Amino acid sequence: MDSTPLTSRAEVLRAELAEALRQHRPLLFDPAGWAGSLIDWALRDVGFRTALFRFIDCLPSLDGGAEVADHLEAYFADGALGLPAPLRAALHLGIGRWTAPVTGAALRHNVRTLARQFIAAEEVEQLPRVLRRLYQTGAVATVDLLGERTVSEAEAAAHLAGYHALLERVVAVPGGDPGLSVKISALDSRLDPIDADRCVARLVDRLRPLLAKAAAGHALVYLDMEDHPLKDLTLDLFQALVEESGGSRLGCVLQAYLRATETDLRRVIDLARRHPGRIAVRLVKGAYWDTEVAVAHQRGWPVPVFEAKGETDQAFAVLAERLLAAADVLAPAIASHNARSVGQVLATAEGLGLGPDRFEFQVLYGMGEGLQTALLARGNRVRVYVPVGNLLQGMAYLVRRLLENTANTSFLRRTFVPDLDESTPQRASRPVMAVAEPEVGFSNEPPLDFSRAEVRAEFQRAIDEVRQALGQSVVPVVGHGDMETGRIRPSLNPAHPEQVVAQVHQAGPEEVATAVEHAGRAQPGWAVTPVAERAGYLRRVAAYLRERRMAMAAWQIFEAGKGWREADADVCEAIDFLEYYATEMVRLAAWRRYPSPPGEENRGSYIGRGVAAVIAPWNFPLAIFTGMTSAALVAGNTVVVKPASNTPRIGRLLVDAFRAAGLPEGVLQFLPGPGSTVGDALVRHEGVHTIAFTGSREVGLAINEMAARTPAGQRHVKRVICEMGGKNAIIVDRDADLDEAVFAIVQSAFGYQGQKCSACSRVIAVGAVHDALVTRLGQATESLEAGDPIDPGSRVGPLIDAAAQKRVQGYWDVGRSEGRLWTQGEVPEEGYYVAPCLFTEIASHHRLAQEEIFGPVLSVLRAADIEEAVSIALATDYALTGGLFSRHPRHVAYVCERFQVGNLYINRGITGAIVGRQPFGGFFLSGIGSQAGGPDYLLQFLLPRTVSENTLRRGFAPEMLA
Ligand code: NAD
């Protein structure tokens with residue numbers, strides 16, 4: 001809570017308002033009612049609160065009474081929740097199946113009643129009645145259209161049409177001062193701050209007719225503020241709209257919990273001074289606190305919000321004062337339900353001599369009746385934020401309001417439930433989210449925050465610089481230095497195949513022999529180099545990459561056809577592997593003592609296996625290449641690396657980094673060249689001890705077979721660490737949140753054009769979810785914008801080469817003969833593009849459901865229930881990644897147990913494993929290695945040794961002396 005003392009006048013006003021507020025106990029806090037009693041219990045029990053909100057969240061997606069009853073039991077029957085008897089009765093627990101429909105209907109009815117407290121109308125047609133009632137009290141309104149997350153252009157167009165319809169209704173109701181609040185994320189499925197300029201231009205076009213209609217009806221249009229990544233883009237858009245229209249009847253929203261809001265307010269005031277209209281600014285505290293904190297922790301970014309509630313309250317007071325002081329050019333709107341904050345603002349306005357017509361208060365529908373009445377009685381202007389939309393689409397909104405009301409720091413909660421034990425864990429006021437401790441000495445490299453304009457500009461400069469360096473030579477490193485072979489093969493840009501990224505001198509079998517020989521000679525010295533020193537090289541390489549991270553990413557755009565974000569993620573992962581394996585090796589290197597009775601000393605340690613051959617794929621051209629290489633090196637092996645034929649330029653960048661770090665000569669040899677010659681020769685060479693391979697199943701199995709032979713003269717058995725493909729499935733349960741599922745499936749299936757081993761290529765739809773899922777997925781697929789990955793707005797780039805393009809296109813015919821081509825996107829003609837496509841009616845035995853395609857081809861299969869879904873998911877040779885979208889606790893538990901893949905993801909996308917947090921790798925025909933980026937990985941490059949020493953000398957044991 002804000003503890004700064006109020007002025008005496010503010011205190012008087014606060015007390016008056018608080019008293020008035022108490023006269024109107026909201027239904028939510030009336031323990032006598034159904035909703036009130038649930039909320040009352042939720043306030044007292046965090047476990048119940050979580051279960052309740054999750055249950056309410058999934059309720060609209062449940063099909064009938066039986067499903068509702070089933071979920072009810074799954075969420076609440078757990079005795080640990082310790083519900084009081086009346087509540088158990090209220091929830092109708094322990095009922096027989098025959099009453100299920102009755103229970104389901106009653107519950108839906110009750111939750112509808114709850115929702116109606118916050119959602120004013122389910123249909124646009126009901127709005128005029130709501131507005132007339134509101135206007136009679138003297139308040140005005142700004143209406144908001146609730147909706148699903150927009151995942152396609154069709155949905156964006158529908159939402160825009162919805163805003164038009166809403167606006168027409170609002171301006172048709174006489175009286176009041178009509179207002180509309182618009183969420184820009186609903187209007188553009190391609191909205192992404194990485195492509196801010198084009199998004200702003202597109203949204204200006206989309207909003208222009210709506211704003212013209214609003215101007216004609218004298219309506220005020222606010223651009224709502226959503227989560228932090230969209231903030232700058234929203235303000236840029238707002239500025240563009242003000243510049244176009246002059247700014248009258250336009251409003252923006254500022255969130256007091258953001259640390260940057262002070263700066264943003266200055267920007268808005270400057271903007272207002274330069275334009276004739278009085279710009280409306282709504283100041284709110286901010287409604288996405290949990291998300292902002294969680295996302296910042298997940299990405300390793302600075303937390304953009306104040307972490308203590310009191311700081312937000314203080315900032316709110318300061319910002320409100322600035323707003324009021326600028327009331328000559330702004331139309332300030334103060335949005336809070338907190339009597340203290342409102343009292344403070346009233347006192348400030350009095351101090352500034354600002355009449356009540358110069359600013360307004362805003363409250364949310366259903367949350368501030370008492371305050372609203374009191375303020376109107378004082379002669380202040382009050383605008384009510386009125387959400388319209390059906391229950392299903394308004395669920396996210398309802399849950400947000402419930403969270404807000406039940407947070408320990410909620411003013412309303414404190415007013416109406418004052419007896420609550422304050423020592424219960426504070427939800428919104430605890431300083432930071434409870435996060436697991438990272439591995440000591442290791443933390444993940446944060447990805448770039450492309451919502452920041454300066455980051456985008458710097459990245460663009462890196463791309464321009466790399467473009468200047470295209471076409472240079474890449475040569476092998478053999479023996480003690482560079483070796484030109486004169487056998488040159490160009491590496492090409494898959495988006496513009498005539499553009500040469502590098503002229504690559506190809507190694508051949510002779511260079512393999514020389515390189516392995518040198519590596520063999522260097523190995524004994526390297527093996528006894530202290531571990532701390534070996535780890536030091538990795539850390540220096542990490543620092544080197546970090547310093548040049550944008551250029552490293554830019555090279556991937558040109559050579560591998562990766563988009564900005566994916567390229568950056570690849571560099572982060574490479575840095576993570578270096579840091580993680582350095583830390584892990586230091587941990588493993590210490591001698592460990594085994595159980596040792598008196599007179600005996602048993603200890604163990606590890607040594608490197610010898611010479612490692614690293615054979616890498618092109619799809620994570622820096623990350624996987626770096627991961628395998630650095631693990632082998634730090635474990636005391638010398639290494640001969642063969643980059644993928646398509647990405648030798650990027651491979652050489654890593655070798656240069658190790659050189660810059662001062663790695664001793666001979667320890668790392670670099671052999672760009674074809675797999676069939678260089679790779680093959682490496683695998684067969686008797687001087688190689690370990691083969692670390694990541695790539696296709698065909699090659700992986702061949703390598704495994706070849707390495708199993710032990711020719712005469714080879715004094716060891718080769719070990720193969722082999723990571724291969726996947727045929728990964730996401731199961732979408734009947735009750736899944738489709739907003740989340742569609743978004744995640746599209747990302748997992750079409751991110752980097754589906755060229756990830758972890759990519760989703762099968763969707764298994766459970767029961768009735770199928771049709772809605774396919775419709776939305778299809779529209780989302782059509783909405784993907786394809787184009788040169790150099791353009792940050794393109795979501796689909798080219799495939800890696802012409803062969804890949806031909807192979808993937810070949811599956812279109814297969815798909816058409818096996819199932820139905822539901823939809824297909826569009827792509828440019830030049831370059832190796834393949835349009836993303838969605839096939840339906842695919843069955844488990846079809847080739848489309850069995851073969852790894854490694855391109856943007858997604859198949860939908862049907863399952864009757866969750867059990868069948870899991871058996872379909874398992875009916876392939878692979879076991880790499882898998883996913884589930886479900887809100888049924890028992891189904892989640894079942895799938896976790898039965899869906900056996902290396903990496904299983906619940907209610908999220910299935911790509912993008914993070915080193916140290918999600919060790920990655922599969923089994924069956926997906927791999928015979930242990931998971932990369934995890935604690936077991938390095939052991940594969942090591943030989944264990946145990947030393948047992950007899951400590952008895954002539955009958956005396958030193959331990960006994962002690
Ligand atoms: P690929 O098998 O064609 O090539 C991988 C590497 O092996 C390349 O360096 C290639 O030159 C080399 N190679 C090819 N033939 C060889 C031979 N006869 N002997 C020795 N080496 C040979 O695979 P790719 O196209 O580069 O990568 C895509 C495949 O990799 C997909 O199947 C994907 O699922 C898999 N992959 C798996 C993982 C994982 O962690 N499981 C990660 C990334 C990629």
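**Ligand surroundings, buried residues and strand pairing**

The ligand is surrounded by 27 residues, and the closest are A616, K642, S696, M724 and E852. The model is a predicted one. In W618, an N or O atom of the side chain is 2.8 Å from an oxygen atom of the ligand. For S696, an N or O atom of the side chain is 2.6 Å from a ligand oxygen atom. E852 also places a polar side-chain atom 2.6 Å from an oxygen atom of the ligand. S696 and E852 are both among the closest residues to the ligand.

N637 was examined next. This residue is found in the loop between helix 23 (623–634) and strand 17 (638–642). N637 has a relative accessibility of 0%, so the residue counts as buried. Its side chain meets the backbone at two places. A polar atom of the N637 side chain lies 2.8 Å from the backbone nitrogen of R609. The backbone nitrogen of G610 lies 2.9 Å from a polar atom of the N637 side chain. Leaving out residues up to four places away in sequence, N637 touches Q523, W526, G608, R609, G610, A612, A632 and F941.

H337 is another loop residue. Its loop runs between strand 6 (330–335) and helix 14 (339–352). The relative accessible area of H337 is 12%, and the cut-off for buried is under 20%, so H337 is buried. A polar atom of its side chain lies 3.0 Å from the backbone nitrogen of L364. Beyond its neighbours within four places in sequence, H337 is in contact with L21, V363, L364, M367, G368, L371, F411 and L412.

V242 lies in a helix, namely helix 10 (residues 231–245). With a relative accessibility of 0%, V242 counts as buried. When neighbours within four places in sequence are left aside, V242 is in contact with G247, L250, L271, H275 and I279. I279 is 37 residues from V242 along the chain, and the two C-alpha atoms are separated by 8.3 Å.

Aromatic rings were then considered. The structure holds 18 aromatic pairs. One of them is formed by Y75 and F76, with 6.3 Å centre to centre and 45° between the planes; this pair is tilted. Both of these residues, Y75 and F76, are buried. In a second pair, the ring centres of F459 and W564 are 4.7 Å apart and the planes are at 40°, so this pair is tilted. The F459–W564 pair links distant parts of the chain. F459 belongs to helix 18 (residues 453–468) and W564 to helix 22 (residues 564–589), 105 residues apart. F459 and W564 are both buried. Ring pairs also link F442, F577, Y580, Y581, Y937 and F941 into a cluster. F941 from this cluster is also touched by N637.

Charged groups sit over rings as well. The charged end of R548 sits over the ring of Y544, 3.7 Å from the ring centre. The charged end of R603 sits over the ring of W591, at 5.4 Å from the ring centre.

Strands of a sheet pair through backbone hydrogen bonds, in parallel or antiparallel fashion. An open sheet is formed by 3 strands in the order 14-15-30, with antiparallel pairing. Strand 14 (592–593) and strand 30 (942–950) stand at the edges with a single partner strand each, so one side of each has no neighbour in the sheet. Strand 15 (residues 600–608) runs antiparallel to strand 30 and is joined to it by 9 bridges. Within this pairing, L943 in strand 30 is the bridge partner of I607.

Strand 24 (residues 837–840) is covered on both faces. C837 and F839 lie on one side, L838 and T840 on the other, and all are buried. T823 has L838 of strand 24 as its bridge partner. Strand 24 also pairs with strand 25 (residues 857–863), here in the parallel sense and over 3 bridges. In that pairing, F839 stands opposite S859 of strand 25.

Methods. Residues numbered from 1 in each chain as written. Predicted model: local features only at pLDDT ≥ 70, side-chain atom pairs only at ≥ 80, totals over all residues. Heavy atoms only, no water. Helix = DSSP H or I, 4+ residues; strand = E, 2+ residues; numbered from the N terminus. Buried < 20%, exposed > 50% of the residue type's maximum accessible area, 1.4 Å probe, protein only. Polar contact = N/O pair within 3.5 Å; in protein donor to acceptor, adjacent residues only side chain to side chain. Contact = heavy atoms within 4.5 Å. Phe/Tyr/Trp six-rings, centres within 6.5 Å; stacked < 30°, edge-to-face > 60°. Lys NZ or Arg CZ within 6 Å of the ring centre and 35° of its normal. Pairing = 2+ DSSP bridges. Near = heavy atom within 4 Å.
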